[in-house]
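This report goes through the structure shown below, element by element.

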Amino acid sequence: MFIHGHGCSGSHDYPQVATQPGLAGRRRILVDLLGCGYSDRPNDFGYRVSDHAAVLEELIDHLDLSDFVLFGHSAGGAIALELGRRVENRLRGLVLSESNLDPSPPDAGSYQVASQSEEAFIEHGYTQLIAAARSAGNDNWASTVTHWSPRAMWRLADSLKRGQQPSGRHVLYDLNVPRAYLIGENSLPDHDQAELPRHGIDVLVVPAVGHSMAWEDPTAVATAIAAATAPWQSTTR
């Protein structure tokens with residue numbers, strides 16, 4: 001199950017990754033979180049990390065999934081960690097891609113979104129964000145943001161800025177399943193490249209990509225996922 005990041009969508013980010021030959025023969029589930037992509041946008045939904053995890057747990061129950069791998073990118077990693085904590089006894093393993101493990105730092109886009117009030121972001125911050133992304137040449141992300149509810153975008157950003165309890169990092173360290181973490185070569189240096197292996201987490205560097213690695217080279221991302229999960233295939237749960 002692929003869980004996308006803030007401002008993105010599974011229906012946009014992961015079809016090219018999921019259809020790579022390296023992942024053939026596996027069921028691949030791509031989700032659009034509530035509030036974006038092709039999903040509903042209820043105004044009375046909380047849109048926090050825990051809210052999204054609760055909805056995805058219901059989806060897992062509905063599909064009767066067991067013995068599966070969770071993949072989460074960026075903010076989707078924070079959701080995958082909370083979800084993984086809830087369904088740990090059904091997980092084959094967890095793969096994260098440059099995930100939010102700690103509260104968003106001040107230079108993060110989610111921090112800047114949540115530094116506005118919810119009302120201010122809905123009224124003008126949302127359109128300014130899209131315009132700024134297009135001015136910076138980030139048309140891909142700007143196009144996916146246009147399919148987000150501004151309210152959903154702000155509330156998830158606020159949740160990421162505040163962080164989770166327990167923290168995503170501590171959940172990652174404590175999960176009793178195989179775990180892997182992908183870092184784009186262009187995102188190095190990254191202190192987690194050395195830190196995570198100390199806690200039994202495999203770190204793989206995806207060559208010639210940065211944070212938006214699924215857009216930059218879906219083949220390389222699929223290859224990394226396949227390599228990370230190959231040793232897990234014979235693991236008994």
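## A buried histidine

His52 has a relative accessibility of 2% and therefore counts as buried; buried means under 20% relative accessible area, exposed over 50%, and partly exposed in between, with a 1.4 Å probe and protein chains only. His52 belongs to helix H3, where helices (H or I, at least four residues) and strands (E, at least two) are DSSP runs numbered from the N terminus.

The model is predicted, so local features need pLDDT of at least 70 and side-chain atom pairs count only at pLDDT 80 or more, while totals for chains, interfaces and linings use all residues. Residues are numbered from 1 along each chain as its sequence is written, and side-chain values use heavy atoms, with hydrogens and water left out.

Not counting residues up to four places away in sequence, His52 touches Leu33, Leu34, Phe45, Tyr47, Ile79 and Leu156; contact means heavy atoms within 4.5 Å. Leu83 is 31 residues from His52 in sequence, and the two C-alpha atoms are 8.5 Å apart.

## Arg85 in helix H4

Arg85 lies in helix H4. Its relative accessibility is 40%, so Arg85 counts as partly exposed.

With neighbours within four places in sequence set aside, the contacts of Arg85 are Val171 and Leu175.

Five strands make an open sheet with parallel pairing, in the order S1-S2-S3-S4-S5; two strands pair if DSSP finds at least two bridges between them. S1 and strand S5 (202-206) are at the edges with a single partner strand each, so one side of each has no neighbour in the sheet.

Strand S1 (residues 2-3) pairs with S2 in the parallel sense over two bridges. In S2, Phe71 is the bridge partner of Phe2, and Gly72 is that of Ile3. S2 also pairs with strand S3 (residues 91-97), again in the parallel sense, over six bridges; there Val95 in S3 is the bridge partner of Phe71. Five of the six residues of S2 are buried. In a regular strand, side chains alternate between the two faces of the sheet.

## Helix H8

Helix H8 covers residues 150-162, and its 13 residues should span 18 Å at 1.5 Å a residue; the end C-alpha atoms are 18 Å apart, which agrees. The expected span is 1.5 Å times one less than the number of residues. Just after H8, Gly163 has a positive phi of about 85°.

The buried residues of H8 include Ala152, Met153, Trp154, Arg155 and Leu156, and Ala157, Asp158, Ser159 and Leu160 are buried too. Among the elements that cover them are helix H3 (49-63), helix H4 (75-86), helix H5 (109-114), helix H6 (118-135) and helix H7 (139-145).

## The largest pocket

The largest pocket holds about 800 Å³ of space. Pockets are found on a 1 Å grid over the protein atoms alone: a cavity is a set of points where a 1.4 Å probe fits but cannot get out, and a pocket is an open set with protein on both sides within 12 Å along at least five of seven lines, with lining residues having an atom within 4 Å of a point. Grid points are joined across faces, edges and corners, and a volume is the space filled by probe spheres set on the points.

The lining of the largest pocket has 32 residues, and Ser74, Glu98, Asn100, Ala108 and His211 lie nearest its centre. H5 and helix H11 (213-216) are the elements that give two or more residues to this lining. By class the lining has 12 nonpolar, 13 polar and seven charged residues; Ala, Val, Leu, Ile, Met, Phe, Trp, Tyr, Cys and Pro count as nonpolar, Asp, Glu, Lys and Arg as charged, and the others, Gly among them, as polar.

Ser74 sits in the loop between S2 and H4 and, at 12% relative accessibility, counts as buried. Leaving out neighbours within four places in sequence, Ser74 contacts Gly5, Ser97, Glu98, Ser99, Asn100 and His211.

## The second largest pocket

The second largest pocket has about 370 Å³ of space. It is lined by 16 residues, and Met1, Arg26, Arg27, Phe68 and Val69 are the closest to its centre.

Strand S2 (residues 68-73) gives the most to this lining, with four residues. The lining of the second largest pocket divides into 10 nonpolar, one polar and five charged residues.
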